[in-house]
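Hi everyone, thanks for having me. I'd like to walk you through a structure, one step at a time, so let's bring it up on the screen.

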Amino acid sequence: MNTPALKDWPLWEVFVRSKQGLEHKHCGSLHAADAAQALHMARDVYTRRQEGVSIWVVPSVAITASNPDDKGELFDPAADKIYRHPTFYEIPEEVGHM
Amino acid sequence: MYTQAMDIPDDSGKKLAAVSNAPSEQEAAFEARIDADGRIEPQDWMPEAYRKTLVRQISQHAHSEIVGMLPEGNWISRAPSLKRKAILIAKVQDEGGHGLYLYSAAETLGTSRDQMLEGLHSGKAKYSSIFNYPTLNWADVGVIGWLVDGAAIMNQVPLCRCSYGPYARAMVRVCKEESFHQRQGYEALLVMMKGTDEQRAMVQDAVNRYWWKCLAMFGPPDADSPHSAQGMRWGIKRISNDDLRQKFIDATVPQAKVLGVTLPDPALKWNEARGHYDYGQIDWAEFWNTVEGNGPCNKERLATRVKAHNDGQWVRDAAQAYARKQKERALKEAA
Amino acid sequence: MSTPIDYLLHLADNAVVLGQRNAEWCGHGPILEEDMALANVSLDLIGQARLLYQRAAELMGGDATEDKLAYFRGPHEFRNYTLLELPHHGALVGYAAADRDYATTIVRNFLYSALMVHVWDGLQQSADPALAAIAAKSLKETSYHLHHSRDWLVRMGDGTEESHARAQAAVNHLMPYTEEFWTTSPAEGAAVAAKVAIDVWALRPAWDALVNDALAEATLTRPNFHGYITEGKIGLHSEHLSYLLGEMQGLARAHPGATW
């Protein structure tokens with residue numbers, strides 16, 4: 001009674017562009033036998049309320065993620081580079097918006 | 001729906017107390033993040049018990065959505081108007097979608113959907129006991145939307161702030177979609193209450209059968225709820241069973257009045273001092289009996305899920321075999 | 001104006017009956033993702049039926065409504081293709097019971113949507129502007145149904161030994177019912193004459209090409225037709241429709257005059 005189920009249907013990550021001009025955003029995952037099917041299924045699962053105008057699917061195994069342990073060395077060094085932000089610079093008010 | 005009695009113990013839950021032998025430094029960092037109301041993501045270190053509790057809770061939730069398709073699905077073919085038929089299909093379909101989002105969230109914890117389904121199909125994993133009651137007349141569909149989904153929303157909204165990122169994000173999605181479920185149910189009942197005597201009787205009958213079951217949906221009283229404290233500590237559970245139950249009752253009584261139905265509890269009355277409604281005794285023996293598998297529909301629900309899964313095996317195999325062949329063909333062409 | 005109404009009812013009955021059939025899978029699909037897909041197909045079809053019944057009711061006037069047309073007409077008044085009322089399994093009598101077979105579901109959806117993409121396309125030029133608008137909307141939906149069912153047809157045909165056998169059995173079972181597409185009913189004839197409908201016969205080469213191409217890709221063979229041509233669209237149905245309608249209409253008919 002217990003047969004192997006989805007064992008061979010790989011997992012896909014789904015990215016949906018909600019409207020023209022915006023980026024694709026991760027919205028979840030699903031199982032599908034191949035990419036074409038994953039696209040179809042993503043449409044049926046993740047865009048039932050007109051959430052999208054374009055879909056990407058990516059095999060979950062193809063994603064390489066950064067290691068949380070490296071968070072310190074990867075991201076903290078950016079913290080003190082405040083001169084990268086426009087608010088770092090004071091401009092006389094009469095110059096107006098810049 | 002349909003979180004609710006999420007802290008119903010099952011086999012995996014029994015090992016919850018196992019002490020993790022992780023380095024205390026990681027544990028401390030984890031605890032600190034929880035205390036700061038931060039989010040835990042799949043790749044972060046987490047205590048084994050946290051992982052297990054989450055898998056149990058999320059998969060129970062997912063199973064509830066999937067099994068929950070059946071009682072309402074029971075009326076799709078007989079919906080009394082095309083509009084109601086379309087609404088009901090869309091709603092039952094949403095529940096399937098919610099199950100899917102939740103299985104996906106649980107999969108980020110390293111448990112495959114196969115394993116979770118295996119747990120459901122073997123009877124090891126639990127699902128919300130509310131779905132072990134039959135839907136006997138068309139008004140049950142409306143009452144499930146109004147009361148069962150209403151109770152579920154009480155549970156689900158706080159889970160959008162749950163400490164585990166993928167679960168919280170899935171719940172945001174679920175809650176967004178869920179808001180139509182309760183409203184459509186209530187509206188369908190309103191229309192029936194304005195209709196014939198027979199229609200009104202159907203609504204009252206459905207309310208009578210579902211009211212107490214819905215109160216039990218929030219799970220055992222806090223005093224008897226072994227997992228609650230730890231769940232609260234971890235930010236997996238945000239509000240206690242009893243508090244949610246009270247909140248639900250307080251919100252529902254005025255809705256029942258507008259609808260014109262009687263809630264079947266003579267003890268139900270406003271308590272000025274508490275600022276809440278008092279209510280009668282829930283039949284916990286009956287609740288546990290159903291949780292243990294002896295409710296009116298447990299066997300049918302489970303067997304139906306198992307059958308759908310087994311009958312679908314050849315379809316899943318076909319898609320897989322085809323994908324494999326296509327891959328081989330592409331490789332051959334490239335060679 | 002009675003002729004276009006009959007034709008609208010033919011289109012609407014097709015949609016509601018197949019929508020009803022497809023919805024039977026809700027909660028029982030082979031995989032959750034597919035449950036979602038089939039529910040979408042069903043919702044599209046019921047949506048089409050509603051628009052078509054509404055248009056018919058509008059033309060009929062009086063107290064006609066979409067639900068009166070869907071729920072208070074008997075099997076002999078339904079004008080759908082017999083193909084669409086069949087249960088999701090092989091040839092069995094009306095009161096026999098059998099497991100649902102997904103190959104039957106897919107093959108039927110494929111054969112029907114392969115026709116309807118052409119029908120809706122043509123109906124965009126209907127002399128009835130309301131029907132033309134419904135056709136434009138339905139065309140998009142049906143194109144997706146065709147995509148979905150064709151994709152599965154190929155996967156089943158060119159999948160495993162079992163799926164191939166099941167798909168072939170479903171093709172053998174259902175293909176004869178498609179002969180009904182190519183006869184002309186009085187309602188169709190009149191609607192064509194009024195330029196409300198298009199001549200389905202003219203669509204046959206395009207349909208054949210679509211079907212033959214998909215069957216070839218699916219490594220399936222097309223059976224030769226010989227035998228009885230069904231006549232559901234003039235109200236002569238199989239034994240299965242009265243069961244389908246009995247279930248669908250029972251509650252509504254138990255409370256005539258009630259609103260839901």
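Predicted model: local features only at pLDDT ≥ 70, side-chain atom pairs only at ≥ 80, totals over all residues.

Along its principal axes, the C-alpha trace of chain B spans about 75 × 50 × 35 Å.

What is chain B built from? Its secondary structure comes to 14 helices and two strands. Of its 335 residues, 60% count as buried. Now take the contacts in chain B with a separation of 6 or more: 79% of them join residues 24 or more positions apart.

Next, the interface. Here 25 residues of chain B are in contact with 26 residues of chain A. Interface size is often given as the accessible area lost when the parts come together. Between them, chain B and chain A bury about 2300 Å², with 47% of that on carbon and sulfur atoms.

How many salt bridges cross the interface of chain B and chain A? The rule finds four. A salt bridge you can look for on the screen joins the side chains of A:R49 and B:E177, at 3.6 Å from N to O. Which helix of chain B gives the most to the side that touches chain A? That is α5(B), with seven residues. Sorted by type, the residues on that side of chain B are seven nonpolar, nine polar and nine charged.

That's my tour, and I'm happy to take questions!

Definitions and conventions
Residues numbered from 1 in each chain as written. Chains lettered and ligands numbered in written order. Heavy atoms only, no water. Contact = heavy atoms within 4.5 Å. Buried area = accessible area lost by both parts, 1.4 Å probe. Helix = DSSP H or I, 4+ residues; strand = E, 2+ residues; numbered from the N terminus. Nonpolar A, V, L, I, M, F, W, Y, C, P; charged D, E, K, R; others polar. Buried < 20%, exposed > 50% of the residue type's maximum accessible area, 1.4 Å probe, protein only.
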